[in-house]
Amino acid sequence: MTASTDGSLRRAVNIEDLRVLARKRLPRFVFDFVDGGAEDELTLRHNRDAFERLRFRPRVMRDVSQRDASTLILGLPAALPVIIGPVTLAGYCARHGDLAMARAATAAGLPFVLPTPSSAAIADVAREAPGRLWFQAYVFAERAVTDTLIDRAAAAGYETLVITCDFPVAGKRERDWRSGLLPKQQFTLPTLLDVFLHPRWIATVMTARPEFVNVQQALGPGRPAGPFVAQKMFDPALTWDDLGRFRERWKGRLLLKGVLRADDAERAVALGADGVVLSNHGGRQLDGAISAIDALPEVARAIGGRASIIVDGGVRRGADIARAVALGAEAVIVGRAALYGLAAGGEPGVRHALALLADEFDRVLALTGSASVADLGPDLLMT
Ligand SMILES: Cc1cc2nc3c(=O)[nH]c(=O)nc-3n(C[C@H](O)[C@H](O)[C@H](O)COP(=O)(O)O)c2cc1C
């Protein structure tokens with residue numbers, strides 16, 4: 001971290017400021033991968049609109065001089081109802097980016113979800129950032145690869161397994177098609193020229209040689225992980241039977257991520273999931289899908305009180321955390337909010353992003369007449 005990075009971080013007063021810094025620091029193809037969504041980015045934009053249209057009906061005169069933002073997520077304590085979510089290519093946003101995210105989450109007292117395609121090894125993260133670690137599994141057509149990964153996560157003491165189910169095929173991310181990152185990593189000339197205009201990124205990030213280490217270790221030598229991840233990571237044949245199988249294999253807590261309907265949420269819980277992550281994958285998969293926050297009321301009616309409901313997509317403000325909790329979510333996942341911080345300033349940047357969200361959330365507690373997370377309920381919102 002240079003003095004100038006430090007100064008500009010301090011001047012970032014919200015997540016959007018961090019996004020602007022991230023755009024300056026990253027080569028365009030990396031920024032577009034992080035920032036972009038599928039096709040017309042309708043769902044990406046709707047994720048923000050859906051939060052913004054939920055307005056508060058604040059209560060007054062309730063002594064909010066002592067406030068407590070802490071909560072339980074899956075029955076265990078967290079400093080805020082926030083989780084840093086699984087995001088591929090964190091290792092391209094900052095040097096050892098996955099570790100930086102994990103350390104920042106642990107320091108802030110929040111759970112961290114390590115994605116299958118991370119560039120930090122499952123065991124290394126457990127050693128470097130001992131805290132509430134969750135592992136996100138993509139289900140490979142070659143089930144043995146996924147089994148190996150989740151057994152490793154269990155051996156390293158990960159608390160929760162998150163199975164992502166909204167990826168039978170990759171969404172059509174047109175920004176990435178234009179840069180050449182997808183579908184085959186055949187970069188265009190403008191993309192390559194732009195990379196060379198970012199010498200600091202090359203010197204700091206690329207010299208750490210980010211690779212899909214977990215997948216590589218599971219595949220063994222002679223089978224390069226890059227093409228495997230690009231072409232075979234996701235199995236469109238995934239079914240509910242697989243969830244039952246994972247439930248038997250994994251003894252810890254288990255969540256299904258990518259659910260957007262009450263009937264699917266009920267089915268996941270009936271098969272032994274401890275809860276669901278309502279998610280449209282940050283608008284990166286089905287363009288035109290509803291937002292998690294739209295699905296939340298119906299899912300809360302169906303499984304609220306007997307399973308955990310976590311929401312993600314578009315969380316950029318402390319107020320969004322409060323909106324989700326008020327409607328029945330146990331916590332939110334942040335993806336890009338943390339990644340923008342990471343790209344803006346490494347681990348201190350992620351810490352800064354989390355501190356901004358924590359400060360805003362605390363203010364919303366006070367301004368809605370809530371002394372604690374338990375005071376947030378649906379009557380606080382005009383829906
Ligand atoms: C750059 C990027 C990479 C992602 N990679 C994964 C992944 O590997 N596994 C996964 O389950 N979700 C992945 N997601 C989705 C996030 O976990 C999360 O659902 C989403 O980012 C939430 O929306 P937000 O970015 O608006 O907070 C990714 C999202 C982004 C932005």
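1. Let's start with Gly318 and its contacts. Leaving out residues up to four places away in sequence, Gly318 touches Leu357, Asp359, Glu360, Phe361, Arg363 and Val364; two residues are in contact if their C-beta atoms, placed from the backbone, lie within 7 Å. Please keep in mind that this is a predicted model, in which local features need pLDDT of at least 70, side-chain atom pairs count only at pLDDT 80 or more, and totals for chains, interfaces and linings use all residues. Residue numbers start from 1 along each chain as its sequence is written.

2. Where does Gly318 sit? Gly318 is found in helix 16. Helices (H or I, at least four residues) and strands (E, at least two) are DSSP runs, numbered from the N terminus. Gly318 counts as buried because it has 23 C-beta neighbours inside 10 Å. A residue is buried if 20 or more other C-beta atoms lie within 10 Å of its own, exposed if 12 or fewer, and partly exposed in between, with C-beta atoms placed from the backbone.

3. Now follow helix 16 onward. Helix 16 (residues 318-326) carries the chain from strand 10 to strand 11 in a right-handed β-α-β crossover; right-handed says that, with the strands pointing away from the viewer, the path from the first strand over the helix to the second runs clockwise.

4. Strand 11 has partners to look at. Strand 10 (residues 308-312) runs parallel to strand 11, joined by three bridges, and Asp312 stands opposite Ile333. Strand 4 (residues 82-84) also pairs with strand 11 in the parallel sense, over three bridges, with Ile83 as the bridge partner of Ile333. Two strands pair if DSSP finds at least two bridges between them. Both faces of strand 11 are covered, with Ala331 and Ile333 buried on one side and Val332 and Val334 on the other.

5. Next, the ligand. It is surrounded by 26 residues, and the closest are Pro115, Thr164, Gly282, Gly335 and Arg336; near here is a C-beta atom, placed from the backbone, within 6 Å. Helix 3 (28-35), strand 11 (331-334) and helix 17 (336-367) are the elements that give two or more residues to this shell.

6. Helix 3 deserves a look too. Its buried residues are Phe29, Val30, Phe31, Phe33 and Val34, and the buried residues of helix 3 pack against helix 2 (15-25), helix 8 (174-179), helix 9 (189-196) and helix 17.
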